[in-house]
Amino acid sequence: MGLIESVEEIIADFRKSLQADGGDIELLDVADGIVKVRISGTTVPATFSYFLRKYRTREGVSCGRCQIPTKTIVSALEGALKEKIPQITKVEAVRDRDMTGMSC
């Protein structure tokens, strides 16, 4: 399996979790160890987030009523990718318009 296919496989798992919360993630590019993704905002409050429970993270989440911040998703994805694919050094998110003002 090639680098891009390995990245796509991990992102597919993230996609299922984010879609369960009303969001989405799309792989845009993999180059020089950097993965670029587009993240669509989630629609459920953090308290009810399938994504946060599955990936056991609350980094950047200051309350249970807010949506999941982009940095929380990027951090979880970066950790998963670096753990399984040593060539990956960073994940960058291209922000969707509907994600502005998303943090608590």
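Here is a walk through the structure, from its overall layout down to a few pairs of side chains.

Keep in mind that this is a predicted model, where local features need pLDDT of at least 70, side-chain atom pairs count only at pLDDT 80 or more, and totals for chains, interfaces and linings use all residues. Residues are numbered from 1 along each chain as its sequence is written, and side-chain values use heavy atoms, with hydrogens and water left out.

Let's start with the layout. The protein has 3 helices and 3 strands, and from the N terminus on they come in the order α-β-β-α-α-β. Helices here (H or I, at least four residues) and strands (E, at least two) are DSSP runs, numbered from the N terminus. Of the 104 residues in the protein, 41% are buried. Buried means under 20% relative accessible area, exposed means over 50%, and partly exposed is in between, with a 1.4 Å probe and protein chains only. Then there is the matter of who touches whom, where a contact means heavy atoms within 4.5 Å. Among the contacts with a separation of 6 or more, 51% come from residues 24 or more positions apart.

Now look at how two of the helices sit together. α1 and α3 (residues 70-84) pack at an angle of about 145 degrees, and their axes are 10 Å apart. The axes are lines fitted to C-alpha atoms, for helices over the stretch in contact, and the angles run from 0 to 180 degrees between N-to-C directions. The crossing of α1 and α3 is right-handed; that is the word when the near helix is turned clockwise from the far one by less than a right angle, while anticlockwise makes it left-handed. On the α1 side, Val7, Ile10, Ile11, Phe14 and Leu18 take part, and they meet Ile73, Ala76, Leu77, Ala80, Leu81 and Lys84 of α3. Sorted by class, that contact has 10 nonpolar residues, no polar ones and 1 charged. For this sorting, Ala, Val, Leu, Ile, Met, Phe, Trp, Tyr, Cys and Pro are nonpolar, Asp, Glu, Lys and Arg are charged, and the others, Gly among them, are polar.

Phe14 turns up again when we look at rings. A search of the whole structure finds 3 aromatic pairs. Rings of Phe, Tyr and Trp (its six-membered ring) pair if their centres lie within 6.5 Å, and planes under 30 degrees apart count as stacked, over 60 as edge-to-face and the rest as tilted. One of the pairs is Phe14 with Tyr55, which is stacked, at 4.2 Å centre to centre with 25 degrees between the planes. Phe14 belongs to helix α1 (residues 3-20) and Tyr55 to helix α2 (residues 50-55), so this pair ties together parts that are 41 residues apart in sequence. Phe14 is buried at 1% relative accessibility, while Tyr55 is partly exposed at 21%. Tyr55 also pairs with Phe51, this time in a tilted way, at 4.9 Å centre to centre and 40 degrees between the planes. Phe51 and Tyr55 are 4 residues apart in helix α2, so about one helical turn separates them. Phe51 is buried, with a relative accessible area of 0%. Put together, Phe14, Phe51 and Tyr55 form one aromatic cluster.

Next come the charges. The structure holds 6 salt bridges, each a side-chain nitrogen of Lys or Arg within 4 Å of a carboxyl oxygen of Asp or Glu. In one of them, Asp13 meets Lys54 at 2.8 Å, N to O. With Asp13 in helix α1 and Lys54 in helix α2, this pair ties together parts that are 41 residues apart in sequence. Both ends are partly exposed, Asp13 at 30% and Lys54 at 34%. Arg15 forms a salt bridge with Asp24, their closest N and O atoms being 3.3 Å apart. Over in helix α3, Glu78 and Lys82 are 4 residues apart, about one helical turn, and their side chains meet in a salt bridge of 3.5 Å, N to O. Lys36, Lys90 and Glu92 are linked in a network of salt bridges.

One last stop is Asp32, in the loop between β1 (24-31) and β2 (34-40). Most residues other than glycine have a negative phi. The phi of Asp32 is positive, near 55 degrees. Asp32 is also exposed, with a relative accessible area of 77%.
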